[in-house]
Amino acid sequence: MGTWRGLRVAFVLGSLLMILLIIVYWDDVGGFNLHPLQEPKHEPPTYSGRAQIGSSSSSSFSSSSSSFSSSPSVNPTAAPSTKLVLEERGGAAEARTGDGGEEKQEERTQETRDDAEDDRVQEARKQRITDVCSGKDAAEFPGRTRAFEQIPNRELDHLIVDDTHQIIYCYVPKVACTNWKRVMVVLSQSLISPSSGKPYTDPEAVPPDLVHNSSLHLTFAKFWRHYGSLSRHLMALKLQHYTKFLFVRDPFVRLISAFRNKFERPNEDFYKQFGSVMLRRFGNASGGLPETAAEAFAAGIKPTFQQFITYLLDPETESESVFNEHWRQVYRLCHPCQVKYDFIGQLETLETDAQRLLKLLEVDGLLRFPSGARNRTAASWERDWFAQIPVTMRRELYELYEPDFEMFGYPKPDSTLHP
C-alpha cells in the first residue's frame, strides 16, 4: 500500500514538473505569454463601413473583431535584418524617384491644404446657418424656432433618403437638382436601364426627364405610409446618423432661372397653373386666353418677368396655394433650422463642391457627378433682369427671400435694391 502511494505522488510531481517545463518553453519562444498585456503603441484601426439603421449589424461587428485579432504580429528577432533591407530599398527608391518623389509630395501637401480650406469653408457655412437660426441676425421668418416634430409630413417631401449609403439629400429646384437626383437614382438602384436590364451605374446615362418622377425616390413625406407610427422615430434616427446635404444658389438668380425655364418657353403645365393666372391678374388680357401654351406663344402671349415678380408679391398667391417648389424659399423646402446639414454646397462652386461631397459620402469610387449644362443663368444678368422692376418691388422681393440671403451667406444686392 505504501509503495502504491509513493508511485502516485511521484507521478503527480512528475506531471507538474512536465507542465512547468512546457510553460517555460512556450514563454521563451513567444507562443504563450505569462506577462501582463501592454497597450499597443499604434492607433486602433478605424472602419469606414456604415451600419444601416434598422438592420442587423452583428455580422459586421464580428468580422471587424476577427480582422483585428488576426492582424499579423511583428517578430522582434527579425528586426535588425528587416531594418537593413528597408534601408537599402529606401535608398534605392529615393535614387530612382528623384524629382518625381518631390512632385508627389508637393501634390499630397497641396491636397492637404485644399482639404483644410474646404473644411473651413464648410464650417463657416454651417456656422452662418446656426447664427441665423438662433436669432443673432435681424432676419426673422416663419418656422425659425419650431421643432422638427412640428413640421407637417407634406413639407418633408424634398428630403430624399438613401438607406444603402446612409445619405439624406434635400433637393432645391434650379440648383443642379436634376443631376443630384441622377446620382441618388444610381446609388439607390431605383431605376432599371432598358438596354442592360440592370440598374443604372452611371448618372450621366440616367434620362433627366425621368428623375423627377417622385416614385423613384424615398422621401420623409412617404415614411408614414411605410412605417406608420414609427415614422417620426425613424426620421430622428436617420437625421442623427446619416450624412445630410443640400445645394443652394443666389436667391434672385434662382428666380431668374426659374422664370426662364418655365415661362420663356412653352410649358403646358406651368402655363395652365401659373402663366395664365399671371396674365389674367396682371396682364390686362382682354377676352379669353389661348387654351394651350403653344397657342399662346404663337400669338406672342406670355408672362413677363415683372408679372412674375408681381405674382410672387401678391398676398392672394399664397392664400390660394403654397409657392411652387421652383420659387419657394430654400428655408421652407429644406428646414435648415431643424435639420443640421453636414454639407452645404453652392451652385457657384458646383464642380469643386460636388467632388468634395462625393468623397465625403465615400462614393467617389462608384460614380462621377454628371457634367451640367453650361448655359446657366449668370449672376451678372441680375441688374439687366431687374432693370424694369420698380425699386419698391425689388425691396419687397428681397424681404421675401431675405432669410435665404442671410442664411446661406449671399450678399445683399445693394446695386439692385439701391440703383
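Is Glu 106 buried or exposed? Glu 106 is exposed, with a relative accessible area of 55%; here buried means under 20% relative accessible area, exposed over 50%, and partly exposed in between (1.4 Å probe, protein chains only).

The model is predicted, so local features need pLDDT of at least 70 and side-chain atom pairs count only at pLDDT 80 or more, whereas totals for chains, interfaces and linings use all residues. Residues are numbered from 1 along each chain as its sequence is written, and side-chain values use heavy atoms, with hydrogens and water left out.

**View 1. A patch of negative charge on the surface includes Glu 106.** The patch gathers Glu 102, Glu 103, Glu 106, Glu 107, Glu 111 and Asp 114. Patches consist of residues with over 30% relative accessible area and no salt bridge, like charges being joined within 9 Å; Asp and Glu count as negative, and the place of a charge is CG of Asp or CD of Glu. Accessible areas come from the Shrake-Rupley method with a 1.4 Å probe. Glu 106 lies in helix α4 (residues 99-133); helices (H or I, at least four residues) and strands (E, at least two) are DSSP runs, numbered from the N terminus.

**View 2. Lys 238 and Asp 163 form a salt bridge.** The closest N and O atoms are 2.7 Å apart; a salt bridge is a side-chain nitrogen of Lys or Arg within 4 Å of a carboxyl oxygen of Asp or Glu. The pair links distant parts of the chain, 75 residues apart: Lys 238 belongs to helix α7 (residues 231-241), and Asp 163 to the loop between β1 (159-162) and β2 (167-170). Lys 238 is buried at a relative accessible area of 3%, and Asp 163 is buried at 16%.

**View 3. A salt bridge joins the side chains of Lys 244 and Asp 342.** The N to O distance is 3.1 Å. Because Lys 244 is in strand β3 (residues 243-248) and Asp 342 in the loop between α13 (330-334) and β4 (343-346), the pair ties together parts that are 98 residues apart in sequence. Lys 244 is buried, with 4% relative accessible area, whereas Asp 342 is partly exposed at 30%.

**View 4. Arg 281 and Glu 320 meet in a salt bridge.** Their side chains are 2.9 Å apart, N to O. Arg 281 lies in helix α9 (residues 268-282) and Glu 320 in helix α12 (residues 315-320), so the pair ties together parts 39 residues apart in sequence. Arg 281 is partly exposed (24%), while Glu 320 is exposed (53%).

Notes. Patch = residues over 30% accessible without salt bridge, like charges linked within 9 Å, V, L, I, M, F, W, Y side chains within 5 Å.
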